[in-house]
Amino acid sequence: MSTKSTTLEQFSYDNKTVRNFAIATIIWGIVGMLVGVIIATQLFEPAANITQYGSFGRIRPLHTNAVIFAFVGNAIFAGVYYSLQRLLKARMFSDFLSNLHFWGWQLIIVSAAITLPLGITTSHEYAELEWPIDIAITLIWVTFGVNMFGTIFKRRERHLYVAIWFYIATFITVAVLHLTNSMQLPISAFKSYYVYAGVQDALIQWWYGHNAVAFFLTTPFLGLMYYFLPKMANRPVYSYRLSILHFWALIFIYIWAGPHHLLYSSLPDWAQSLGVVFSIMLIAPSWGGMINGLLTLRGAWDQVRENTILKFMVVGITSYGMATFEGPMLSLKNINAIAHFTDWIVAHVHVGALGWNGFLTFAMLYWLVPRIFQTTLYSEKLIKTHFWIGTIGIALYAIPMYISGFTQGMMWKQFTAEGTLQYGNFLDTTLQVLPMHMMRAVGGTLYLVGAIIMAVNLFKTMAQGTLLANEAAEAAPLAVDEQPEAGAHWHRWIERKPIQLLVASLIMILVGSLVELIPTFMVKSNVPTIEAVQPYTSLELEGRDIYIREGCVGCHSQLVRPFRSETERYGEFSKSGEFVYDHPFLWGSKRTGPDLHREGGKYPDSWHYHHMREPQSMSPGSIMPAYGVLYEQSLNTSQTQDKLNAMKKLGVPYDDAQIKNAVTDLTKQSKEIQARLAEEKIKVGADKEIIALIAYLQRLGTDIAKK
């Protein structure tokens, strides 16, 4: 073995890019949380739905995208760019790529902020952005990967620390998830249809959705925890061996768990069972990470009492432990039967988001900003205020949502002694939980106030200091033939091989993915067809696109589960063959309003006409916003033929005559609905969007024979 050169090389760390991502994290965090408070308010005060562009259905995905990809995403990049350089003893590979990454990511966020309120959406949860933005995301993510691996290849430190393992796994898995879930057939610059349909689309979406939480909201933050927590506490990580077990077990098991979002659905039972089994197994590696983090602070609890930054870390890691215990519990079928579609899931998600992602981000920013600005934190009093306001905000958010979720789950299933639904009107439950939604908004507001306090504190810190844009450093060059020391752990070999680590991570996440996805697509019996199910008419298809545009799937499910309580309330349970022409699927994940899969024919056209115009007139106490614009806006039929043609390419059996006469058939059906409304003294133009939406709603669930 050769000895390492004693000549030290001079270089510098790039703190400017870290500063840029940190500022973006703060700004977008406040924006995302503000939108969150607005939509929380809309769920008990319909008047808060201001204009078509500010309705709940349109800005709810704006909130999730802003918090996940703008706030958390920028925080990840700030932490990775800071820690990666120091762990590798090398400046980032390319300043140009660093700048391209930063500005490209901000442009994507701005694009989302413009398109989502305009109703330009694919409807896939956490993946609502249309195809041109998906392409931009792919290019910027590759830019990030090239910059990261370029830095790894020119490193001066042979050993790749555990945080870097998580960064590598995050990069490759997010790439696989994004590319697979974004397979769309474009119709125009702002409209596309997913190539998957129905059950298959649902499986792909929740394979993506669950693992977006796993590999965007979890694994990179575990990497940040492994770097920043030991630095903050000035103590080594508790267990190297536990970190190895934690990493490999987590990335292998996590990828299997997506189907637990689709229990009691039309997904094949074998896929649901796999999701449950691996979800339960997830407790072990998840808690392994939490224990490794908390025990890193062993013997340092005096520091925790005095250091508010460490308090943020402790609450964040504890929240991670709570969320990763609750998630597997919610995957148990008997618990999921009560919790799914309720506010219980909202509480669960936000314990992780506000506690784990939010508090760890706050701690990182408080620790990092003073160091790159060569100063001390502006105010210790403000950071303590932020900690307590934020903690109380989480409690006031989560606890009411747990109560609301338990209430909803029980009321929906409650029968009288005579065997009828005790709360047959869905609104009974809605009105019961309104006080909980009000308290949730208060909790969210407190959390937002805490973030604003942090922004003031950190911007004051920046103002009193000077950015050390290029931080001088020195290190010995890497010895090319350096070998692991005698007696070193076997894992040292792969830690020194970034490509092998990348490939091994890819194999780990592909095993579960392929086992679940391939049979669902290749074995026809997994999605049996129903002869009576026919494609949507051109008018119904246009109405469905309006339904998607307005974000109705954010409040209404289209999936009747095989429970007596649901079949009594909604009708026959949903069959997989009913969704074979649904590009995309619209099963939903939350019932703020009732399920709509058997809505067709339940009410006359006039009921829908009045309900969409003034919901409270037909459903007293409803919190649904009014959609007056649908009565004013004319239906755009310029792409109707293109839409049917695209569907035909995706396997929907439209013939050439149907495509050629798409607009003619649409007009004919529109006039039929107009005539039925006229019989009830309702005058409306046959070309208005409300007509198309009524046509779609009246079609739902009518393909199979009713009881």
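Which residues have the most contacts inside the largest nonpolar core? They are W105, W141, I164, F216, F228, F362 and Y366, in a core of 166 residues. A nonpolar core here is a set of buried Ala, Val, Leu, Ile, Met, Phe, Trp, Tyr and Cys residues joined through side-chain atoms within 4.5 Å. Buried means under 20% relative accessible area, exposed means over 50%, and partly exposed lies in between, with a 1.4 Å probe and protein chains only. Helix α2 (residues 56-88) gives this core its largest share, 19 residues. Helices are DSSP runs (H or I, at least four residues), numbered from the N terminus.

The model is predicted: local features need pLDDT of at least 70, side-chain atom pairs count only at pLDDT 80 or more, and totals for chains, interfaces and linings use all residues. Residues are numbered from 1 along each chain as its sequence is written, and side-chain values use heavy atoms, with hydrogens and water left out.

F216 touches I68, F69, V72, G73, I76, W105, W141, V174, N211 and F221, leaving aside residues up to four places away in sequence. A contact is a pair of heavy atoms within 4.5 Å.

Now the charged pairs. The whole structure holds 23 salt bridges. Each is a side-chain nitrogen of Lys or Arg within 4 Å of a carboxyl oxygen of Asp or Glu. One of them joins E125 and R60 at 2.9 Å, N to O. E125 sits in the loop between α3 (95-115) and α4 (131-153) and R60 in helix α2, so the pair ties together parts that are 65 residues apart in sequence. E125 is buried, at 11% relative accessible area.

E566 and R561 form another salt bridge, at 2.8 Å, N to O. E566 is buried, with 5% relative accessibility. R561 is buried as well, at 1%.

K575 and E572 pair at 2.9 Å, N to O. Here the partners are not buried. K575 is partly exposed at 21% relative accessibility, and E572 is partly exposed at 22%.

What about disulfides? The structure holds 0, where a disulfide is a pair of cysteine sulfur atoms within 2.5 Å. C552 and C555 show why: the closest cysteine sulfur to that of C552 is in C555, 8.2 Å away and too far for a bond. From the side of C555, the closest is C552, again at 8.2 Å. Both cysteines are buried: C552 has a relative accessible area of 12%, and C555 has 15% relative accessibility.

Finally, turn to the surface. F153, I499, V503, I507, V511 and V515 form a nonpolar patch with about 490 Å² of accessible area together. Patch residues have over 30% relative accessible area and no salt bridge; like charges are joined within 9 Å, and nonpolar side chains (Val, Leu, Ile, Met, Phe, Trp, Tyr) within 5 Å. Areas come from the Shrake-Rupley method with a 1.4 Å probe, and for residues only the protein chains shown count as cover. Helix α19 (residues 498-522) supplies the largest share of the patch, 5 residues. I499 lies in this helix and is partly exposed, at 40% relative accessible area.

Terms used:
Helices (H or I, at least four residues) and strands (E, at least two) are DSSP runs, numbered from the N terminus.
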